[in-house]
Amino acid sequence: MAEVHGIQILPEAVERWRKEKLLEVKQLIRGIGLLNSTILQEQTRMLIKALDSDWAVLSENIGLWMPTEIINQEHDDKPEGEEDDEEILPGRPVPPECHAELHTDYDGAAVRWGLTHHKESAADCCQACLDQAKRAKPGEMKCNIWVYCPSETGCYSPDIYQHKNQECWLKYAEKPKLNFKDRYSESYRNSHPNAPLIVPWVSGVVST
């Protein structure tokens, strides 16, 4: 099993040397002897044991042992609850004009309730906001905020409703402001025990 720069040759060379020495000392102890042998008679039995039955232990102790298979394990050293720097939203990519913000929940007056308004992706939710703004009649609120739940297990909100995956809220605010961003504070979670660490919603403010 030759390999570049002798990386795999070393174990074979050691094994070949072991077998040669084992044969040599076995011949010596049987009285055949080898003229060139430098092994003392009283050491042969101990050496046979070391080269034969105890070889695995001996080779490990002297640094020659090599595993037959190396298994690399990937370790996740991130603190508990910390999200990946780059998170991929399900569905088609969100266009730049949607200004998507992960782990963000914007406030605003509801133009369309998300409880009964579900979309396949955040991009579709944003598009629904843009479409509503174009179709809105004079005097009607035009959507300029979209809020989407991408989590398969639903999204937390302090209201009385159970918010499910793919909810798409269309909102309007003259001056959009945040409800929550990135993480719920420790003080907030102390007063709202059901709140998770990370804000689950994804939102965006669009120009209409």
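Q: As what does Cys 98 count, buried or exposed?
A: Buried means under 20% relative accessible area, exposed over 50%, and partly exposed in between (1.4 Å probe, protein chains only). Cys 98 has a relative accessibility of 1% and therefore counts as buried. The model is predicted: local features need pLDDT of at least 70, side-chain atom pairs count only at pLDDT 80 or more, and totals for chains, interfaces and linings use all residues. Residues are numbered from 1 along each chain as its sequence is written, and side-chain values use heavy atoms, with hydrogens and water left out.

Q: To which residue is Cys 98 joined by a disulfide?
A: A disulfide is a covalent bond between the sulfur atoms of two cysteines; the criterion is a pair of cysteine sulfur atoms within 2.5 Å. Cys 98 is joined to Cys 126, with an S to S distance of 2.0 Å. The torsion of -95° about the S-S bond makes this link left-handed. Cys 98 lies in the loop between helix H3 (55-61) and strand S1 (100-101), and Cys 126 in helix H4 (residues 122-135), so the pair ties together parts 28 residues apart in sequence. Helices (H or I, at least four residues) and strands (E, at least two) are DSSP runs, numbered from the N terminus. Cys 126 is buried at 0%.

Q: What is the handedness of the link of Cys 149 and Cys 155?
A: This link is right-handed, with 95° about the S-S bond, and its S to S distance is 2.1 Å. Cys 149 is buried at 0%, as is Cys 155 at 5%.

Q: How many disulfides does the structure hold?
A: The structure holds four, and their pattern is 1-3, 2-8, 4-5, 6-7, with bonded cysteines counted along the chain.
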